[in-house]
Amino acid sequence: MASSWCWSCLSRLRAPSTPRAILPPQSITPRLTTASFHSSAVQYANPTKKKGALVAVKYRQGQTLRRKKKKTTERARPPAVGERKALRKRIVLSNPNALEVEGMQDLSSETMIDARLRGSVLGLPVPMLDQLRAVQAFKPKQGWSIFRRPATVLRRDTLEMARLFEKISGEGDAAEKGKVVKKIITGLKGSGKTVHLLQAMAMGFLKKWVVVTVPDARELVSGDTSYSPIEGTNPPQYVQPNAVSALLMRTVEANRQVLSGLKVSQKHTGLPSLKPSSTLEDLAKLGFQDAAVAWPVFQALWTELTATAAAPGMEKDFKARPPMLVTVDGIAHWMKESAYRASDFTPVHAHDLVFVKHFLSLLQNGQASLKNGGMVLYATSTSNNPSIYTLEVALDQLAARQAGTSPSSPEYPSPEAYSGADARVLDLFKPTTGKEPQFELQTLGGLTRDEARGYLEYFARSGLLREEVNETWVGEKWSLSGGGIIGELEKLGRHVRTAAQTTPVLN
Amino acid sequence: MARPTSNGLVQAFQALRLHSSSTSRPVTRCLARQTRTYATEVEGQPSALETQEQAPAAPEIDFTNFARRPARIVPASPSYFSGSPRFIDHVLQLEQLQAKYASLPTVAAGDAPRMAWFKLAQFRDYVGEPVPMKKYKSLVKILQRLNRIQPEMVPGEVRNTLEEFLRPGNPYAVQHVPRTVDENGRARAKGKRKESTAVVQLVEGEGEVLVNGKSLVEAFQRVHDRESALWALRCTQRLDKYNAWITVRGGGVTGQAEAITLAIGRALLLHEPALKPVLRKAGVITVDARRVERKKPGHVKARKMPTWVKR
């Protein structure tokens with residue numbers, strides 16, 4: 001090795017300040033700016049730059065890449081079980097920031113049939129709100145929370161329905177007491193099917209009917225509630241005691257006034273604990289105190305409500321039973337196999353659940369079952385909706401029959417071959433026979449322009465809409481909402497500013 | 001005389017050989033008496049004509065004819081040795097015509113009959129030479145100058161020459177038929193945007209709209225799309241005065257909505273042509289011709305390059 005002394009200038013070429021033995025291996029020592037044999041004065045050279053990484057080498061530490069650990073931030077505890085769902089399902093019916101609409105009339109027996117009020121918004125009577133809540137008439141995303149108090153539009157379909165209510169209640173000119181009207185309500189998304197049911201319930205409460213509702217048909221077939229087979233049925237039928245119990249609770253809660261005024265008039269052998277002098281409310285209470293007897297109690301309550309006369313020996317305080325309103329929302333869920341399984345693990349068809357079957361059978365024998373008259377309203381849904389081909393065909397058939405097409409004609413819709421159409425569903429929708437009135441298909445469309453104007457004015461008067469509601473503006477919104485689809489109108493009405501303004505470039 | 005068959009050639013050779021071995025015989029005679037024989041056959045008996053005949057003398061040089069037959073082939077066109085002789089011939093011919101008829105009265109360029117001259121590519125095909133764009137433009141200039149001669153006074157020569165340079169099919173002969181509202185009051189118009197094509201039938205009505213047989217709400221869930229679809233009617237405040245029956249195909253939701261915008265704008269113009277400035281200002285008439293740019297090889301998308309990776 002060459003000497004570390006430069007022969008010409010006698011300067012030290014390499015200046016090892018540390019003993020050689022502990023120098024790091026050659027490959028990582030900093031390279032000198034001059035070759036080891038070179039003799040120019042190293043002292044005069046610029047000091048070599050120290051590389052940070054090399055300086056930082058510490059011998060007792062690992063050489064692997066180290067990353068800073070992320071700080072674990074303290075998070076708020078997740079909401080308790082069920083809290084999120086409660087928040088999602090919460091129904092807010094009033095907004096104190098919204099303006100009180102002056103001069104708004106309430107829905108009443110008089111206003112609901114008043115054709116002059118068509119297109120105006122009628123408030124739901126405040127005392128009735130608890131009843132409507134009890135039957136779960138309100139759904140979370142219907143926009144009730146942006147107004148001071150819940151109110152609905154009196155549209156053409158509502159007026160027609162109100163007249164039916166009046167007729168069946170035995171009032172008005174052409175009274176048809178004891179009649180049963182059965183309707184299946186369809187329509188586009190946002191066309192107001194559920195609110196139509198709500199209006200029906202409100203009218204039912206106004207007319208002192210008994211209102212029985214299934215607010216969400218899906219809950220009965222989604223496998224969420226308990227079920228058990230009924231002994232001795234073939235094919236096996238299943239009962240859902242908890243669902244029945246919940247329905248009894250809803251019905252009692254909402255119809256307490258009516259039910260507490262009616263006394264038991266029939267003999268119910270299956271319910272030994274029932275006293276002869278008890279009211280129907282007490283009868284129903286048996287069911288929701290003990291879910292095991294819920295189904296017999298429901299059957300007993302149904303026979304009581306549909307009785308036209310008391311059993312012999314019990315005529316003492318028999319009162320005529322009121323008509324009944326039965327509503328179901330989201331009926332498509334009942335047209336397929338349920339999430340329940342039979343003992344051999346085959347899926348149970350929804351029509352094998354007796355509770356479901358009980359309601360569905362009203363389509364075919366509603367008049368026979370509801371002897372005191374009433375209304376059966378089954379609505380389809382478009383927001384949470386299974387696509388069921390057979391139901392589509394069945395509704396098409398219903399529409400064709402209503403339009404006057406005979407079922408034997410070639411134009412009559414029928415399921416495609418090999419489409420696997422569900423015969424039970426088709427059977428359910430076949431035309432009724434005998435004295436039984438046919439059930440109807442009611443398709444909800446959009447509001448008319450006048451109705452839309454009344455509806456949008458309600459937004460303006462509630463302080464939500466800050467624009468001049470005039471003919472052209474309403475016409476424009478009417479077209480944009482696909483011909484007055486009320487859900488779309490609501491979206492347009494609640495927008496603070498609906499897109500760009502019309503440019504006044506004309507002339 | 002001698003047919004250029006192999007047989008003839010063989011005979012000729014045999015004749016030569018015979019001639020050298022035996023008594024000299026005139027070749028011409030032999031050829032005159034030519035018969036069909038096999039190559040192996042020996043020529044028959046020597047002919048009786050043994051009289052020596054002189055070969056005919058070359059004809060006299062005709063000096064009058066001599067000038068017409070040059071020693072080398074001369075090209076027909078003087079521009080043969082330029083790069084593009086046919087093109088230059090055309091230019092020369094046209095220039096000659098232009099000079100010849102320069103004195104004829106002309107009309108303004110706008111009044112001259114509209115002519116569809118060859119496009120450059122077509123002209124290149126026509127002459128079969130790679131003509132540069134600039135030179136072709138100069139030729140077209142001469143054509144246009146000749147075309148400006150007052151129509152009544154155009155000489156037949158010029159007319160025929162100009163016709164040679166016209167595109168086949170005469171595109172300007174097809175008269176554009178302006179669309180109108182039909183007898184049922186429907187205005188039909190098409191619009192395109194991105195990959196979508198919309199056909200709109202617009203009639204006077206109440207403001208009802210059907211898109212592919214569905215309501216507007218079903219076809220377009222976003223309010224924005226609905227507004228942009230009906231923008232032409234909305235910005236002219238005609239939303240409640242027309243019904244639209246729309247078929248739209250292809251593309252996505254936004255493209256379909258904007259294709260409808262364009263189609264409704266055009267259909268509305270058929271009903272009310274006076275609305276054009278308003279619609280132009282509203283941006284309904286302007287066609288957005290942009291389409292998706294194609295992906296290129298070596299790129300991840302149309303322009304995006306793969307990430308640079310060391311080694």
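Tutor: Happy to! Keep in mind that this is a predicted model. Let's begin with the nonpolar cores.

Student: Which residues have the most contacts inside the largest nonpolar core?

Tutor: The largest nonpolar core holds 148 residues. Back in the largest core, the residues with the most contacts inside it are A:M201, B:I260 and B:I264.

Student: Leaving aside neighbours within four places in sequence, which residues is A:M201 in contact with?

Tutor: Contact here means C-beta atoms within 7 Å. With the neighbours within four places set aside, the partners of A:M201 are A:L132, A:V135, A:A137, A:V211, A:T213, A:L325 and A:T327.

Student: What covers the buried residues of helix 15 of chain A?

Tutor: This helix spans residues 471-480, and its buried residues are A:V474, A:E476, A:K477, A:W478, A:S479 and A:L480. Just after the helix, A:G482 takes a positive phi of about 65°. The cover draws on both chains: it includes helix 14 and helix 16 of chain A, together with strand 3, helix 9 and helix 10 of chain B.

Student: How far apart are the C-alpha centres of domain 2 and domain 3 of chain A?

Tutor: In the assignment, domain 2 covers 103-444 and domain 3 covers 449-494. The two do touch, with 15 residues of domain 2 of chain A in contact with 14 residues of domain 3 of chain A. On the domain 2 side, that set has five nonpolar, six polar and four charged residues. The distance between the C-alpha centres of the two domains is 32 Å.

Conventions:
Residues numbered from 1 in each chain as written. Chains lettered and ligands numbered in written order. Predicted model: local features only at pLDDT ≥ 70, side-chain atom pairs only at ≥ 80, totals over all residues. Core = buried A, V, L, I, M, F, W, Y, C linked by C-beta atoms within 7 Å. Buried ≥ 20, exposed ≤ 12 C-beta atoms within 10 Å, placed from the backbone. Helix = DSSP H or I, 4+ residues; strand = E, 2+ residues; numbered from the N terminus. Domains from an automatic or database assignment. Nonpolar A, V, L, I, M, F, W, Y, C, P; charged D, E, K, R; others polar.
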